Amino acid sequence: MYLPPHDPHVDDPMRFKPLFRIHLMERKSATVECMYGHKGPHNGHIQIVKKDEFSTKCNQTDHHRMSGGRQEEFRTWLREEWGRTLEDIFHEHMQELILMKFIYTSQYDNCLTYRRIYLPPSSPDDLIRPGLFKGTYGSHGLEIVMLSFHGRKAKGTKITGDPNIPAGQQTVEIDLAHPLQLPDIENLRDFSELSRIVLEVREQVRREEQEAEDRSQQAASQPAATPVGGEGAEGEETAAGAEGTTQDKAPASQPFVLPMGVISRNEDYPRTCRICFYGTGLIAGHGFTSPERTPGVFVLFDDDRFGFIWLELKSFSLYSRIKVPFQNAQAPSREAFDEMLKNIQCLAT
């Protein structure tokens with residue numbers, strides 16, 4: 001199992017934890033051992049479900065129990081997962097979230113279903129190379145997100161989840177057609193100024209979406225053939241050209257600082273950035289109740305790091321690329337990948 005580094009150190013390497021192992025025997029037979037728990041290897045089972053999917057089952061879950069009961073198991077899990085003790089966590093809400101995660105994960109007892117992750121395809125036109133990133137999510141700790149590009153949109157899809165937003169959901173969406181011009185460094189410290197800029201862009205996006213919908217309905221009621229090189233083609237070319245021009249003219253770097261009042265788990269974020277875009281982030285209550293997309297700012301720092309300011313939460317997430325080389329990783333076509341994203345199902349937390 002690949003575990004993210006301890007919160008909030010997103011630039012640290014991933015951690016590894018063995019969950020099972022297979023001994024190949026003579027006459028094409030094999031034995032499976034569960035590695036979960038602290039009492040050594042014990043009897044397990046693996047079943048191939050279908051292509052790109054298999055399941056594991058522990059046959060001796062009593063090996064996962066500890067003499068001190070659930071309290072000792074929780075404290076041991078806390079040290080391994082978070083690198084701290086319960087006494088180190090003073091915030092009551094954070095204690096509640098951590099306890100919820102422990103209850104949720106421990107109930108499976110290493111009886112899990114695994115599905116292959118297809119890495120997103122890349123294009124020379126992408127803002128940065130797509131892939132997997134570690135990100136800070138407030139009291140939830142570090143989570144894994146897959147960044148992918150889809151024309152004028154970029155998407156961050158959760159590979160691991162939490163009690164609020166489960167795995168498989170689109171945590172952030174970046175509108176590459178709407179770059180943001182941040183104020184100078186002094187005005188940037190004023191949260192209300194940044195909020196004003198972002199909300200103005202949100203209204204602009206809403207107007208453009210409404211106008212596009214009106215044009216679509218009008219075209220449907222009065223169908224007419226558009227000549228090659230006509231208005232429709234020119235509009236697409238102009239939009240694409242404008243997007244490219246905006247990025248080409250953006251300075252190599254510009255000063256960056258979080259506005260006063262914006263909370264960040266990691267204060268060691270870069271103080272310069274390349275470019276910023278308008279985006280939306282997904283928030284919800286416990287159990288993924290009342291989900292909604294809220295405005296925010298995507299901040300590109302360099303080829304391996306980006307950030308997202310959650311305007312409504314007054315919170316900042318910092319993301320750092322996972323640089324583990326995944327052997328034999330496959331990247332499907334853009335169309336196939338988009339279809340996969342629609343059907344992502346994951347039992348991981």
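The notes below cover aromatic pairs, an aromatic cluster and a charged surface patch. The model is predicted. Its rings form 20 aromatic pairs, and two of these pairs are described here.

**The pair Y2 and F16**
- The ring centres of Y2 and F16 lie 5.1 Å apart with their planes at 70°, so this pair is edge-to-face.
- Distant parts of the chain are linked by this pair, since Y2 belongs to strand β1 (residues 2-3) and F16 to strand β2 (residues 15-16), 14 residues apart.
- Y2 is partly exposed, its relative accessible area being 40%.
- F16 has a relative accessibility of 56% and therefore counts as exposed.

**The pair F277 and F298**
- For F277 and F298 the ring centres are 6.5 Å apart and the planes stand at 45°, so the pair is tilted.
- F277 is found in strand β15 (residues 275-285) and F298 in strand β16 (residues 289-302), so the pair ties together parts 21 residues apart in sequence.
- F277 counts as buried because its relative accessibility is 0%.
- F298, at 4% relative accessibility, is likewise buried.

**The aromatic cluster**
- One aromatic cluster is formed by F133, Y137, F277, F298, F306, F308, W310 and Y319.

**The negative surface patch**
- E208, E209, E211, E213 and D214 make up a negative surface patch.
- Within helix α4 (residues 191-221) lies E208.
- E208 counts as partly exposed because its relative accessibility is 33%.

Key:
Residues numbered from 1 in each chain as written. Predicted model: local features only at pLDDT ≥ 70, side-chain atom pairs only at ≥ 80, totals over all residues. Heavy atoms only, no water. Patch = residues over 30% accessible without salt bridge, like charges linked within 9 Å, V, L, I, M, F, W, Y side chains within 5 Å. Areas by Shrake-Rupley, 256 points an atom, 1.4 Å probe, with all protein chains shown as cover. Salt bridge = Lys/Arg side-chain N within 4 Å of Asp/Glu carboxyl O. Lys, Arg positive; Asp, Glu negative; His and termini not counted. Charge placed at Lys NZ, Arg CZ, Asp CG, Glu CD. Helix = DSSP H or I, 4+ residues; strand = E, 2+ residues; numbered from the N terminus. Buried < 20%, exposed > 50% of the residue type's maximum accessible area, 1.4 Å probe, protein only. Phe/Tyr/Trp six-rings, centres within 6.5 Å; stacked < 30°, edge-to-face > 60°.
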